[in-house]
Amino acid sequence: MEFKFGGSEYNQKTVLGHPSGLFVLFFTEMWERFSYYGMRALLVLFLTASIMENGWEWARQDAAVLYGWYIGLVYITPIIGGFIADKLLGYRNAVVLGALIMTLGHASMALEGFTENFFYLGLVLLILGNGLFKPNISSMVGQLYKTDDKEKDAGYTIFYMGINAGAFLGILLCGYIGEKVGWHYGFGLAGVFMFFGMLQFYFAQKIFGKIGLKPKAKDDYVDDRTIKGEVEDASGKVIIDDEEEDDIKPEIPGNVKADRILVISIFAFFTIFFWWAFEQAGGSMTIFAADYTDRDLVGDGALTFKIINTIITIVPLMVITWVLFMLFRQIFGRYAKSNIFLGISFAIIWTIVIWMLYREFSADTAEVPASWFSVLNSLFIILFAPVFSKIWESRFNPSGPMKFGIGLILVGVGFAALSYGAMAIPDGAETAAVSMVWLILAYLFHTLGELCVSPVGLSYVSKLSPPKLVGLMFGIWFLANFIAGVVGGYTGGAIDSISEEYGLSVFFLIFTIIPAFMGLVMIMINKFMIKKMHGIK
């Protein structure tokens, strides 16, 4: 018997038309992103907070540099983690081990009050755990589907929504508790949900059949509920040899390979400038939110914020909870332990949300947490992703290089809004109180830029890479992201020195001019890039 989807018999049961295993991965990834973005939202705020506020009172420059190195290393370790999974552990063991290491990392950061060594140990564990977890759970998503058609693309879209749901809730709740209750509680909360994500994956992993097993164990594993004729190519992608044995693709000419590698290299170079600017969200933009933005609201303004905050919190959580119940209906009988741990995590999250909203509505005024603005990225993605998806499917769909160029220009426009908003701030000022609208506009344009760049990045690396060089090409891509994170940390750390001599407006103008210029260059070489892709769209 040949099944429609990869994995076991229970994985053939569908939720929203997709295999149940997709949603096991969805919730695992959601809680991992909850923990990652929850901690990320607090990192610079905690480091720069005063001793009276139980922070470490670091200089902004030092905090931004540490943040940059953390972001950079988070991008580079998946190269090693993917290799370890391919050769030794298998995807499933790598995901579980990575999740466990990250749980210990969050727990270690929650103990920073005892000794600062726990804080640094926590960061190291988070970087290492992410390297094992991140590339391998994404690889498992692709293996749930037998063909590279629209159904598989839709599966990745659902998985991507899990990423954003986790980021949204993590920033919202860990940020709130970290700022309002205590930093170590925020760090600890991130670890709690990483732990629940690991448990629900561990106890449901048999739903994947042979998918993600140890490399040596794959041939020996027998399960009559698993797809027959299922094998993997060198990159780990599942192919079905029952019907496609004779479908051998012709060898790609050497000059075509060279041209496509050149295109990947150009994309990788330009992506440095996008993420260099975009990742200021957790650095200089967080500092701007904390120290230069008027976040105190009273009267109608406070009530309006509370209502908006309630809606954007409750509605997505209700949708995700509905998906949870649909998954329960399909696999609870077979994977009860996994579903129970997942159910407990949702009971906790609902309790925290209700407590947070009750606490806010009980107060006469409202102070918007500095970390709250980072939520806007995930919120805008949820709102605008369907719109962009329709555009990409229409006759107005621009080429990959054109999308990339537009994305770079948009991230520059976002910083132009911040630069304009900061014009009234005196040179060298440590604090100010400008309108929140500038940060909101910045996050809006940055998200629109991300939605333009996202379809180009990893997708084009996958399409353009010669089969034997896929791993190397992805390595080059992640190396570019590493460079962007580290350089962005050092550049963001110059916020005080630049604003003291030239003004905060000029500081943000740097992040306006450079990405926008690079975007225009990418648009100018659009035809050259298309020619060198040799038919790949």
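## Isoleucine 331

Isoleucine 331 has 0% relative accessibility, so it counts as buried (under 20% relative accessible area; exposed is over 50% and partly exposed in between, with a 1.4 Å probe and protein chains only). This is a predicted model, where local features need pLDDT of at least 70, side-chain atom pairs count only at pLDDT 80 or more, and totals for chains, interfaces and linings use all residues. Residues are numbered from 1 along each chain as its sequence is written, and side-chain values use heavy atoms, with hydrogens and water left out.

You'll find isoleucine 331 in helix α9, residues 299-331 (helices are DSSP runs of H or I, at least four residues, numbered from the N terminus). Skip its neighbours within four places in sequence, and isoleucine 331 is in contact with Tyr10, Ser20, Val24, Ile207 and Asn339 (contact being heavy atoms within 4.5 Å). Alanine 99, 232 residues away along the chain, has its C-alpha atom 22 Å from that of isoleucine 331.

## Aromatic pairs

The whole structure holds 46 aromatic pairs (rings of Phe, Tyr and Trp, the last by its six-membered ring, with centres within 6.5 Å; planes under 30 degrees apart are stacked, over 60 edge-to-face, the rest tilted). One of them is tilted: phenylalanine 34 with phenylalanine 193, at 4.8 Å centre to centre and 55° between the planes. Phenylalanine 34 is in helix α1 (residues 20-48) and phenylalanine 193 in helix α6 (residues 183-202), so this pair ties together parts 159 residues apart in sequence. Both phenylalanine 34 and phenylalanine 193 are buried.

Tyrosine 420 and tryptophan 438 make an edge-to-face pair, 5.3 Å centre to centre with 65° between the planes. Here helix α12 (residues 400-421) supplies tyrosine 420 and helix α13 (residues 437-453) supplies tryptophan 438, so parts 18 residues apart in sequence get tied together. Tyrosine 420 counts as exposed because its relative accessibility is 53%, while tryptophan 438, at 22%, counts as partly exposed.

## Cluster and surface patch

Phe34 and Phe193 turn up again in one aromatic cluster, along with Phe23, Phe26, Phe27, Trp31 and Phe346.

On the surface, Leu16, Leu303, Ile307, Ile311, Val315, Val319, Trp322 and Phe361 form a nonpolar patch with about 750 Å² of accessible area together. Helix α9 gives the largest share, six residues. Valine 315 sits in helix α9 and, at 45% relative accessibility, counts as partly exposed.

Notes
Helix = DSSP H or I, 4+ residues; strand = E, 2+ residues; numbered from the N terminus. Patch = residues over 30% accessible without salt bridge, like charges linked within 9 Å, V, L, I, M, F, W, Y side chains within 5 Å. Areas by Shrake-Rupley, 256 points an atom, 1.4 Å probe, with all protein chains shown as cover. Salt bridge = Lys/Arg side-chain N within 4 Å of Asp/Glu carboxyl O.
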